[in-house]
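Hello,

Here is the structure for your files, with the sequence. My notes on it follow below.

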Amino acid sequence: MPLTPKLRLLSYLLFTNGVLVFFLLPYLYGIFSDEHQLDATQLSFLMSADMVGGTVAALAARFWLSKWHWHWVFVPVTIVSITANLLTTSATTATELIAYRTLAGLASGSLMAFAYACLSNTANPDKEFSLALATQTAVGAALLLLTPTLLQHWNGDSLFIVLAILSAVPLLLTKELPKQNPAADDIEMTAELSYPIITGLGSILVYMLTLTAVWVVAEQIAGDLGFSTKLISFALSSSLFFSFFGAIAPAILGDNFSRFRLIAFSYATLAIALVLVEQSTKPILFVIGLCLYNFFYNFTIPMQIAWFSALDTTGRTVVLVSVAQGLGVSLGPMLGVAVLSKYGATSVFLCCLALLFISFLMLYAANRTTNKPI
C-alpha cells in the first residue's frame, strides 16, 4: 500500500503517541512517589498501568483490525485517550490513578495498531518503521527535555495535559486514515503462529522487560550516586538524542548486513552499556553508558518489527510485536522497582544482564528454525 505524505504523518503520530508515557517513566516514578505518596506496591502497578492497557489493546486489535470500520474505532478511541489523560490530573487515590492510566493505555494501544497495519503493508517496512521510531524518539527526547521546566513552574499534572494535547492532534488527519484495512482480504492473514514466531515474540518480550527495568530506575540510581538533577536531566535527554540515530541506523545499514548480525552486535553492545551504567562512579561513565544503551536499544526494534511484518501484510501478525513489547514494558517497571528496593542497584543490572542473554538465545533459536530468516 502506498503511503501518502499525510497518511505517513498520521501513522508516525500514532506510533509516537502510543509510547510517550514510556519515555516519561523516570520522571513519573518521582511524581507519583512525591506528589501522591504511594507505597512501593502501588507504584509498581501504577508504573505499569499504561503498558498493561496497551498490551491488552494490541492483542484485541488482532481480531478487529481486519473486520471493523477504522473510522468508527479511531475517533471514539482518540476521545477516550484525551479524556483519560485529563482525568489523571484530578485523581486523588492510587485506584483512580491506576484506572485512568490503564484506560489511557487501552486507547493508545488501539490507536497504535493502525500505525502497525499501515506501515507493515508497504514496500519497505524496515525503512518505514525505522523512521517512525526515529520520530517517536525525537518527540520523546523533546518531552524529556521540557519536563524539568514543566515541573519547576507547575506540577506533575502538566505532563498529562501535554499528553492529552498530543493525543488530540491525530484527529486533524482523520480523513487520511483508510476506512478499512487495505490488506483485509490478504491470504496471508491466515498465517499460523509457528514455533519461530512464538519464540521470536518471547525474545522481544524479555528484551523489552530487561531494558525497561533499567530505564525506569535510571534517575533513582543516578540520584543515589549523588549526581545533580541537572546532570541527570542532561544524561536522559542526550541519551535519547543517540536513540534517535539508533532508530535511523537500520534504514541505512539494512542493505549491507543481515538483520541477525546487526541485532547480535546490538545485544553485545547493550551488555557493555549496562556494565558502564552500573559502574558509573563518575558522571561521564553514566552518560556514556546511557547513550550506548539508548542507541542500541532503538537500533534493534525496527528490525524486529520488520521481520514480523514480512510474515503477514495485514498487520495481524506484526501487531503481536506490540503485545510482546507491551508485556515486556509492563513487567519491566515492576521488576526494576522490586529488585532495586529489596536488593539494590547492582542486583538490577545483574538480573538484566542474565535476561538479555536469555533473550538473545531465544532469538537465535527462532532464526535457526524459521524458513524466513531474520
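This is a predicted model: local features need pLDDT of at least 70, side-chain atom pairs count only at pLDDT 80 or more; totals for chains, interfaces and linings use all residues.

Tyr195 lies in helix H8 (residues 195-216); helices here are DSSP runs of H or I, at least four residues, numbered from the N terminus. Tyr195 touches Ala365 and Thr369, leaving out residues up to four places away in sequence, where contact means heavy atoms within 4.5 Å.

Residues are numbered from 1 along each chain as its sequence is written, and side-chain values use heavy atoms, without hydrogens and water.

Helix H14 covers residues 345-369. Its 25 residues should span 36 Å at 1.5 Å a residue, and its end C-alpha atoms are 37 Å apart, which agrees; the expected span is 1.5 Å times one less than the number of residues. Buried residues in H14 include Val348, Phe349, Cys352 and Leu355 (buried is under 20% relative accessible area, with a 1.4 Å probe and protein chains only).

Ser48 is in helix H3 (residues 40-64). Ser48 counts as buried because its relative accessibility is 0%. Its contacts, not counting residues up to four places away in sequence, are Ser330, Pro333 and Met334.

Phe114 is in contact with Leu14, Trp64, Leu65, Trp70, Val73, Phe74 and Leu177, leaving aside neighbours within four places in sequence.

Regards

Conventions
Helices (H or I, at least four residues) and strands (E, at least two) are DSSP runs, numbered from the N terminus. Buried means under 20% relative accessible area, exposed over 50%, partly exposed in between (1.4 Å probe, protein chains only).
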